[in-house]
Amino acid sequence: MELLHLVNGRWIEGSGAEFADANPANPGEIVARGRAASPEEVELAVRAARDAAPSWRATPHHERAAVLSRAAALLDAAAEEWGRELSREEGKTLPEAVAEVRGAARILRYYAGEADRENGEIYASPRPGENLLVMRRPVGVAGLITPFNFPIAIPAWKIGPALTYGNTVVWKPSSLVPLLAMRLAGALAEAGLPGGVLNLVYGEADAGAAIIDHPGVDVVSFTGSTEVGRAVIARCGELAKPVQTEMGGKNAAVVLADADLDHAAEQVCLGAFRSTGQKCTATSRLVVEEAVAADLLRKVAARAGELVVGDPLQDGVEMGPLVSAAARERVTAGVRRAVEDGAEPLAGARPYREGRLAEGWFTPPTVLALPGTHLDVWRTELFGPVVGAVRASGPEEALRLANRSEHGLSAAIFTRDLGAALRAVDDLDVGVLHVNSESAGTFPWVPFGGSKLSGFGPREQGRAAREFFTQTVTVYLGAPA
């Protein structure tokens, strides 16, 4: 597949460095290739977005919504085909990949529905003959930077609200997953999006920096690592530019003594190992009450050991590869350091040495019993299928241990005690809490985002996205004298 940039409604070749999109299950297979955007092409993209902004903003909301609805139908129709492409370039299993494409369609439909919802507020005025109106208008040009792990869903939950509220977009996806980016942009163009409203450019950090720094970009929304996210926040602060970041997670699952242990073990494994652990909401820490620790850890380790790892396009495979050789090396090195520091391997922990799994970017599902919370594997996000477990003396200590992290994106608690669940709601410093289900997963109609180093700025998804992609105008509407 030849990768093309979308700039001002035209598909163009880049003139920057060449790059290739490899299949992580079979790195010798190239899925797509192209050239990165040059600084001049990023400039053209921003200029196109600025030129298109007045007309798109003036387009009635229901017409903007109709574009999103038509694009959603195209995604649904192509879900099986694009799901296979997603598996080939990112590595998640085919059922997960197809579900992601369909999920992106659902996100676009949700934001199309915004045209039917209220778009302002009316307040009483203490002065006779006057009303106070709070109106919303678009912020202008949005610069969007998206990661590899959800190559169509995360872009959809940024692009959908940006467009429905009347903004134009310059979007840089991860260069690890460019094909699905081109598919999404193509669907929106085919659905009737005017030229210049959405501009797609590929590139590495320099392209992202050019978008962030450009004076023609009014706001920046970023999803990616904590390290890069903090740099984005700092730069936008220097530029006095509104920024929204969704960064890393080091998410804990807390299993109390009264929990259904079979259900908890299954959900912990789903949270830790689906998408090969490459979710910001993946379970990477496990806190289990001492009374049931041996039983629960045995069940989790057994389930991890049973997982079928292999080519994500094959039937019956439950876990595919990591996205890149660098990702595999990072996860392998992190597990090795943890074992050297005293972690006890309960499942996995040894790299694949032969066969197809060694040739691809695979790593085994790994469960580690930790001697405490001082190890790097407890604190540092590996972004892979690794969960480290510690024991707690009781519910209070379990919540304290779960909070012992710089991140605060997601958590899960397993218990039959309603009081314990409500205490977790009050005490766990996270943006998303699951009670008796895995730590991963979100729906587009509710807010998504985290606390501490996991997020900065307004939440994403649901109506919370409106807080970032619109600005309010308070109107004092009085009758003429």
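Is Ser 125 buried or exposed in this predicted model? With a relative accessible area of 16%, Ser 125 is buried, where buried means under 20% relative accessible area, exposed over 50% and partly exposed in between (1.4 Å probe, protein chains only). This is a predicted model, in which local features need pLDDT of at least 70 and side-chain atom pairs count only at pLDDT 80 or more, whereas totals for chains, interfaces and linings use all residues. Residues are numbered from 1 along each chain as its sequence is written, and side-chain values use heavy atoms, with hydrogens and water left out.

**View 1. Ser 125 in the loop between strand S5 (120-124) and strand S6 (130-138).** Helices (H or I, at least four residues) and strands (E, at least two) are DSSP runs, numbered from the N terminus. The side chain of Ser 125 makes a polar contact with the side chain of Glu 130 at 2.6 Å, and it reaches the backbone nitrogen of Arg 127 at 3.1 Å. A polar contact is a pair of N or O atoms within 3.5 Å; within protein, one must be able to donate a hydrogen and the other to accept it, and residues adjacent in sequence count only if both atoms are side-chain atoms. When neighbours within four places in sequence are left aside, Ser 125 is in contact (heavy atoms within 4.5 Å) with Glu 130 and Leu 132.

**View 2. Glu 13 in the loop between strand S2 (10-12) and strand S3 (18-23).** Glu 13 is exposed, with a relative accessible area of 55%. Apart from neighbours within four places in sequence, the residues in contact with Glu 13 are Glu 2, Leu 4, His 5 and Glu 41.

View 3. At the start of H15, a side-chain oxygen of Asp 417 comes to within 2.8 Å of the backbone nitrogen of Gly 419.

**View 4. The largest pocket, with about 1100 Å³ of space.** Its lining consists of 42 residues, and those closest to its centre are Phe 222, Thr 223, Gly 224, Ser 225 and Val 228. On a 1 Å grid over the protein atoms alone, a pocket is an open set of points where a 1.4 Å probe fits, with protein on both sides within 12 Å along at least five of seven lines, and lining residues have an atom within 4 Å of a point. Helix H7 (205-213), strand S10 (219-223), helix H8 (226-239) and helix H11 (325-340) are the elements that give two or more residues to this lining, and H8 gives the most, with six residues.

**View 5. The second largest pocket, with about 670 Å³ of space.** Of the 29 residues that line this pocket, Phe 150, Lys 279, Ala 440, Gly 441 and Thr 442 lie nearest its centre. Helix H4 (94-112) and helix H5 (153-164) each supply at least two residues of the lining, of which the largest share, seven residues, comes from H4.

Technical notes:
Grid points are joined across faces, edges and corners, and a volume is the space filled by probe spheres set on the points.
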